[in-house]
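Subject: A structure for you to look at

Hello,

Here is the structure I promised to pass on, with its sequence. Please open it first, and then read my notes below alongside it.

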Amino acid sequence: MAYLGSPKATLEVINKYGFAFQKRFGQNFLIDSNILENIVSAANITKEDFVLEIGPGIGTMTQYLCENAREVVAVEIDKSLIPILQDTLSEYNNVEVINEDVKVDIKKLAEERNDGNPIKVVANLPYYITTPIIMGLLESGVPIDSITIMVQKEVADRMKTGPGSKDYGALSLAVQY
């Protein structure tokens, strides 16, 4: 199995498929295996877990999740990435890629695939969509065990700020709650 968690492997996949990054999706791919391992470790993924990955890209983190989880559902909005994901994830029988917006009925997925038990959410989120995704997850009523996400430092700072700061707002309050 060839892991994609390196600049060279990622570039090979991008070139093989002639993939062009879509600015409107804010795409960025993780290319550091240490960061990928840290995210999966921080999420505490086990063979009993159902994991929802938001924005798998070319499947770099998805590979790590599949190695550790019972089942992974990866939701990817960019249809040009679907053939790439079919290739890069072909060795795994515990993953399903759904070509939709993350507004897909996550609650229904959790009920159907995980008997309504809490799910784990893992993602590397683009800056512009971080707040809507986090708020959507928190407001969805989906039983969530954990949300482990990679975000830009500015977003992380906003999430952890307290009352009295100019950055304190709905996201800070919701995440801290």
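Let me start with the strands. β1 and β2 pair in the parallel sense over five bridges; strands count as paired if DSSP finds at least two bridges between them. The labels for helices (H or I, at least four residues) and strands (E, at least two) are DSSP runs, numbered from the N terminus.

Before going further, a word on the source. This is a predicted model, in which local features need pLDDT of at least 70 and side-chain atom pairs count only at pLDDT 80 or more, while totals for chains, interfaces and linings use all residues. Residues are numbered from 1 along each chain as its sequence is written, and side-chain values use heavy atoms, with hydrogens and water left out.

**Around β1**

How many of the residues of β1 are buried? Five of the five are, so the strand is largely enclosed by the rest of the structure. Here, buried means under 20% relative accessible area, exposed means over 50%, and partly exposed lies in between (1.4 Å probe, protein chains only). Both faces of β1 are covered, with Phe50, Leu52 and Ile54 buried on one side and Val51 and Glu53 on the other.

β1, α3 and β2 make a right-handed β-α-β unit. Right-handed means that, with the strands pointing away from the viewer, the path from the first strand over the helix to the second runs clockwise.

**The helix between them, α3**

Seven of the nine residues of α3 are buried, so this helix too is largely enclosed by the rest of the structure. The buried ones are Thr60, Met61, Thr62, Gln63, Tyr64, Leu65 and Cys66.

Thr62 deserves a look of its own. Its relative accessibility is 0%, so Thr62 counts as buried. Its side chain makes a polar contact with the side chain of Glu53 (2.4 Å). A polar contact is a pair of N or O atoms within 3.5 Å; within protein, one must be able to donate a hydrogen and the other to accept it, and residues adjacent in sequence count only if both atoms are side-chain atoms. Leaving out residues up to four places away in sequence, Thr62 touches Glu53, Pro56, Val72, Ala74, Leu89 and Val95, where contact means heavy atoms within 4.5 Å.

**Helix α2 and what follows**

In α2 (residues 33-42), Leu36, Ile39 and Val40 are buried. Seen down the helix axis, the buried residues fall within an arc of 95°, so they line one face of α2; the arc is that of the directions from the helix axis to the C-beta atoms. On the other side of α2, Asn38, Ser41 and Ala42 are exposed. The buried residues of α2 pack against α3 (60-68), β4 (119-124) and β5 (144-150).

Asn44 sits in the loop between α2 and β1 (50-54), and its phi is near 55°, a positive value in a residue other than glycine. Most residues other than glycine have a negative phi. Asn44 is exposed, with a relative accessible area of 51%.

**β4 and β5**

Six bridges join β4 to β5, and the two run parallel. Val122 stands opposite Thr148 in β5. With helix α6 (residues 130-139), these strands make another right-handed β-α-β unit. Pro126, in the loop between β4 and α6, is buried at a relative accessible area of 13%.

**The nonpolar cores**

A nonpolar core is a set of buried Ala, Val, Leu, Ile, Met, Phe, Trp, Tyr and Cys residues joined through side-chain atoms within 4.5 Å. The largest one has 27 residues, of which Ile45, Val51, Ile58, Met61, Leu65, Leu81 and Val122 touch the most other members. α1 (7-17), α2, α3 and α4 each supply at least two residues of this core, and the largest share, four residues, comes from α3. A second, separate core of 23 residues includes Ile119, Ile134, Val142 and Val151.

Enjoy exploring it!

Best wishes
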